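Hi,

Here is the structure I promised to send over. Have a look at it first, and then read on for what I found.

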Amino acid sequence: MAKAPRQVEDADEKALAVPAAQPPVEVRPPDVGAVKTVAGGLPAVLHAFKHVLGEAGPWRGGKLLWKINQTDGFDCPGCAWPDPSHRSVNEYCENGAKAVAEEGTRERVTPEFFREWSVARLAGQSDLWLGKAGRLTHPMVLREGATHYEPLSWDEAFALVAEELNALGSPDEACFYTSGRTSNEAAFLYQLFVRQFGTNNLPDCSNMCHESSGTGLSETLGIGKGSVTLEDFDHAQAIFVIGQNPGTNHPRMLTALQAAARRGCEIVSVNPLPETGLNRFKHPQEVLHLLGPGTALNKLFLQVRINGDVALLQGLGKALLEREAKAPGTVVDRAFVEGRTAGFDAYAAHLGTVSWDDVVEQSGVPREQIESAADILARSERTIFCWAMGLTQHRNAVGNVQEVVNLTLLRGSIGKAGAGVCPVRGHSNVQGDRTMGIWEHPQPAFLDALEREFGFSPPRHTGLDTVATLKGLHDGRVKVFFALGGNFLSATPDTEFTAEGLRRSRLTVHVSTKLNRAHLVHGRRALILPCLGRTEHDVQATGRQFVTVEDSMGMVHASRGAVTPASEHLLSEPVIVARLAHAVLGARSKVPWLSLVEDYDRVRELISRCIPGFEDFNRRVRESGGFALPNGPREGRFPTPDGKAHFTVHTMPRLKLEPGQLLMMTLRSHDQYNTTVYGLDDRYRGIHQGRRVVFLHPEDVKARGLSAGQKVDLTSHFQGQTRVAREFLVVPYNIPRACAATYFPEANVLVPVDSHAEKSRTPTSKSIVITVAPSTVSAALLPAGTPDVARPG
Ligand code: SF4
């Protein structure tokens with residue numbers, strides 16, 4: 001059984017009749033120690049082995065590490081960072097090792113486990129405890145009014161979903177969520193099933209992370225993906241890393257940054273918190289290097305205020321234009337701008353109206369530092385701009401991304417080796433799922449291809465994205481919620497609002513490998529459908545199968561499981577989708593669902609006929625390392641309506657805070673991947689054995705009469721509504737004044753469902769106005785499951 005401490009040993013089930021939506025308050029406050037100055041090194045190696053060997057054991061664990069990210073192995077289920085074409089025997093990072101340890105665990109969540117644990121008691125456990133409970137082994141159902149999940153057969157499970165879906169008044173009363181782990185094959189079948197069923201309600205995790213990148217890039221460059229490859233990092237003269245913490249969220253990116261720094265590439269990082277991974281790095285595989293001080297990565301760190309990015313990026317543009325005015329033809333790439341772009345004059349005119357005072361005040365970065373960064377940009381002929389959710393989760397997130405594009409175009413830094421834009425994706429196949437058609441807003445050409453190939457009329461109206469799904473569940477328009485992977489409840493904003501919506505539904509279904517909080521906040525009936533992990537053998541009628549994924553840089557490659565499945569009762573995701581489609585659609589569908597999943601080549605053959613770039617898919621994906629999808633901007637072609645890349649103009653957002661208010665961002669700890677919590681430490685930031693902390697500037701702590709280590713409640717303020725998250729420990733930290741940072745998902749309860757980015761509708765998890773006050777409830781008095789939301793009237 002799980003090794004993590006139980007937080008509610010003998011909770012009174014009656015008191016917990018409605019299972020809690022949030023993890024319980026930690027009984028023991030976290031320890032706060034020194035912030036680390038170097039990432040990687042021996043501690044990374046030791047933590048990786050501790051997790052893998054401790055959870056999966058030496059034999060299974062060793063096999064997993066041997067095969068992770070190898071051409072004949074499986075793709076890491078962690079992030080979407082690409083693999084190099086020449087691989088070493090250890091192509092993984094500490095967090096990749098933790099991800100496979102989670103999947104490879106020897107612990108099992110069996111029907112006996114569910115007999116012992118009611119849903120309400122499970123909800124009183126921490127996220128760590130739930131995750132450590134082990135792999136799900138059987139399909140389970142929670143019947144109406146029941147307190148415990150019980151086993152059922154796969155046929156019964158599919159029949160139950162079919163009964164609920166076919167009883168709906170409209171296909172639009174169901175939503176079908178996808179997490180970024182889903183393979184291309186499963187995703188393609190899933191969207192095909194959903195569209196034959198009759199809806200485009202296909203929200204996904206991309207709605208919550210890089211939707212702003214997709215929107216911002218599509219409008220300006222004609223494609224919603226980055227333009228660089230991993231090889232470009234070998235040629236860049238400057239790399240800007242903005243709103244991103246690769247040391248924790250994409251650790252192998254540090255290898256690319258280290259190689260770049262060693263050959264003289266200048267790295268500029270932009271974040272509200274100085275992140276250890278961008279400071280110094282010791283490559284765990286360089287044995288001699290482990291004893292030294294590590295490689296310095298940052299040439300320059302710009303400590304931007306939360307959501308001060310537009311101001312900073314405009315300041316950089318302004319500084320470049322001022323240099324150009326002094327020495328015409330030396331900074332702006334005139335040939336590129338005049339031949340390949342549109343909108344430069346309006347952009348330059350707008351920057352002429354922007355004042356340096358505003359730039360400095362709104363960005364929080366001194367002018368001299370902005371000038372230094374502009375010098376780096378001006379002397380670099382080949383610059384890569386990387387970013388992650390520090391740019392994409394604000395109201396003006398699309399503007400953030402497009403200001404990056406403006407700088408890229410100004411310097412003509414795209415369409416050549418060593419240059420371009422690089423949104424770094426989180427979950428391993430989040431980009432591939434979108435390519436496969438997981439989108440509430442599909443392109444007409446894609447729907448035409450489905451119509452041609454499968455002989456049905458796909459729905460043409462826009463479906464529900466994640467935010468719209470939350471609202472639809474809440475107001476009763478959405479009655480069935482199906483999730484292919486993920487932890488929807490914890491990943492989404494406004495936790496209590498989401499939970500209320502899920503509780504109102506008729507049926508919630510989760511395809512999962514492990515137990516998580518989303519299984520515990522459910523509809524009238526609920527199903528858990530356990531699936532194979534990516535690390536496991538997938539054997540179908542024609543033999544062992546492989547699946548494919550697309551990394552953050554548009555490379556498609558194969559992933560082959562390496563170990564025996566955790567249970568003989570597991571089905572693969574493609575098989576679950578195919579059997580579900582067969583059960584739901586019956587004679588309405590001419591697609592040979594069951595035969596398709598006897599051999600995944602048959603699915604790939606269909607993909608090759610429907611999606612441009614996948615021609616000859618089955619042959620090309622068998623080549624070592626896979627193949628690259630077409631990418632116009634990479635070659636200097638911009639598939640926009642006029643064939644040009646576009647400069648855009650954005651009003652600088654202004655921070656408006658009432659006295660005492662702070663702007664809060666959520667972030668991830670080092671022992672975490674998305675909603676999965678691997679441990680309770682965030683060792684680079686010096687936090688140990690706990691997660692309920694709030695990072696504040698020391699002067700902000702003092703100004704509020706607070707002290708380090710004090711327990712406080714956080715209240716968010718949005719359109720007259722307040723939401724409260726209780727019992728956080730104050731940690732004075734190197735963060736700009738008037739800013740605060742807390743961990744996701746604990747602070748999601750503070751993120752209002754209606755607070756999302758313009759155009760992309762990405763929740764603004766990094767721009768939440770809060771106040772902080774001494775805690776009014778002691779941990780001992782706060783029963784697990786206490787709702788933490790208060791709204792007026
Ligand atoms: S960098 Fe990402 S993909 Fe690579 S091993 Fe680490 S978590 Fe996995």
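Before the cores, a quick definition: a nonpolar core here is a set of buried Ala, Val, Leu, Ile, Met, Phe, Trp, Tyr and Cys residues joined through side-chain atoms within 4.5 Å. Keep in mind that this is a predicted model.

With that in hand, the largest nonpolar core has 66 residues, and L165, F176, F188 and F193 are those with the most contacts inside it. Take F193: leaving aside residues up to four places away in sequence, F193 touches L165 and F176, along with L580, A581, V584, L585 and W593. Another core lies apart from that one; it has 50 residues, including L302, V332, L391 and F638. As you know, nonpolar side chains tend to be buried together in soluble globular proteins.

Next, strand 14. Five of the five residues in this strand (residues 383-387) are buried, so strand 14 is largely enclosed by the rest of the structure. In a regular strand the side chains alternate between the two faces of the sheet. Here T383, F385 and W387 point one way, while I384 and C386 point the other way, and all are buried.

Which strands does strand 14 pair with? Strand 8 (residues 238-242) is joined to strand 14 by five bridges, and the two run parallel. Four bridges join strand 14 to strand 15 (residues 420-423), again in parallel.

Last, a loop residue. H289 is found in the loop between strand 10 (280-282) and strand 11 (295-296). Not counting residues up to four places away in sequence, H289 touches Q258, R262, F281, K282, H283, G294 and T295. For a sense of scale, H289 and A159 are 130 residues apart in sequence and 58 Å apart in space, C-alpha to C-alpha.

Over to you!

Methods: Residues numbered from 1 in each chain as written. Predicted model: local features only at pLDDT ≥ 70, side-chain atom pairs only at ≥ 80, totals over all residues. Heavy atoms only, no water. Buried < 20%, exposed > 50% of the residue type's maximum accessible area, 1.4 Å probe, protein only. Pairing = 2+ DSSP bridges. Contact = heavy atoms within 4.5 Å.
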